[in-house]
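Me: Please take a close look at one helix pair in this model. Then place it in the rest of the chain.

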Amino acid sequence: MENELVMVSVNENNEPVISGRELHEFLQVKTPYTMWFNRMCEYGFSENIDYVTKMLERSDGKAGKPLTDHILTSDMAKEIAMVQLNERGKLARQHFIEIEKKWNSPENVMARALIMANNNIIELKGTIQMLEPKAKFADAKGYEHGIL
């Protein structure tokens with residue numbers, strides 16, 4: 001990952017997010033991840049607003065408890081990259097800004113809106129299918145015209 005830029009993924013709310021551990025690795029920070037992340041949080045970041053904590057299975061082959069990672073909002077990742085005051089931080093910040101520009105382009109905003117609308121239609125169709133037998137029953141019993 002040394003020369004690759006930090007990967008940006010999408011969370012369940014369809015928002016761009018970044019792994020804190022991947023950002024730490026890209027920035028080539030010498031301080032252990034947990035100590036570094038706690039220091040970064042001193043800039044005023046809040047859990048469940050700017051980041052969420054995620055437990056990872058160990059991939060280093062060592063025994064022990066799972067590793068902690070943090071899934072960062074793009075705003076938090078940009079700010080962290082900016083305060084690093086080095087070339088890697090500048091590269092990461094520029095990368096996140098470029099991702100944000102693409103994310104907010106009219107085409108991508110419209111594409112996400114269409115996906116959301118389609119998901120709403122699918123959900124409504126499911127509700128209609130679930131209610132259809134009840135409506136038929138109500139019609140058969142004369143509820144349609146206020147009878148009974």
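Reply: **The α3/α4 pair**

α3 passes α4 in a left-handed crossing (the near helix is turned anticlockwise from the far one by less than a right angle). This is a predicted model: local features need pLDDT of at least 70, side-chain atom pairs count only at pLDDT 80 or more, and totals for chains, interfaces and linings use all residues. Residues are numbered from 1 along each chain as its sequence is written, and side-chain values use heavy atoms, without hydrogens or water.

α3 and α4 (residues 87-103) pack at about 155 degrees, with axes 7 Å apart; axes are lines fitted to C-alpha atoms over the stretch in contact, and angles run from 0 to 180 degrees between N-to-C directions. That makes the two roughly antiparallel (over 145 degrees). On the α3 side, the contacts (heavy atoms within 4.5 Å) involve Asp75, Ala77, Lys78, Ala81 and Met82. Their partners in α4 are Gly89, Lys90, Ala92, Arg93, Phe96, Ile97 and Glu100.

α3 (74-83) also meets the buried residues of α2. Those residues pack against α1 (20-26), β3 (51-56) and β4 (67-73) as well. In α2 (residues 33-41), Tyr33, Trp36, Phe37, Met40 and Cys41 are buried (under 20% relative accessible area, 1.4 Å probe, protein chains only). Seen down the α2 axis, they fall within an arc of 140 degrees, so they line one face of the helix (the arc is that of directions from the axis to the C-beta atoms).

Now the whole chain. The protein chain has 5 helices and 4 strands (DSSP runs: H or I, at least four residues; E, at least two). Their order from the N terminus is β-β-α-α-β-β-α-α-α. Of the 148 residues, 27% are buried.

Technical notes:
Buried < 20%, exposed > 50% of the residue type's maximum accessible area, 1.4 Å probe, protein only. Parallel < 35°, antiparallel > 145°, perpendicular 65-115°, else oblique.
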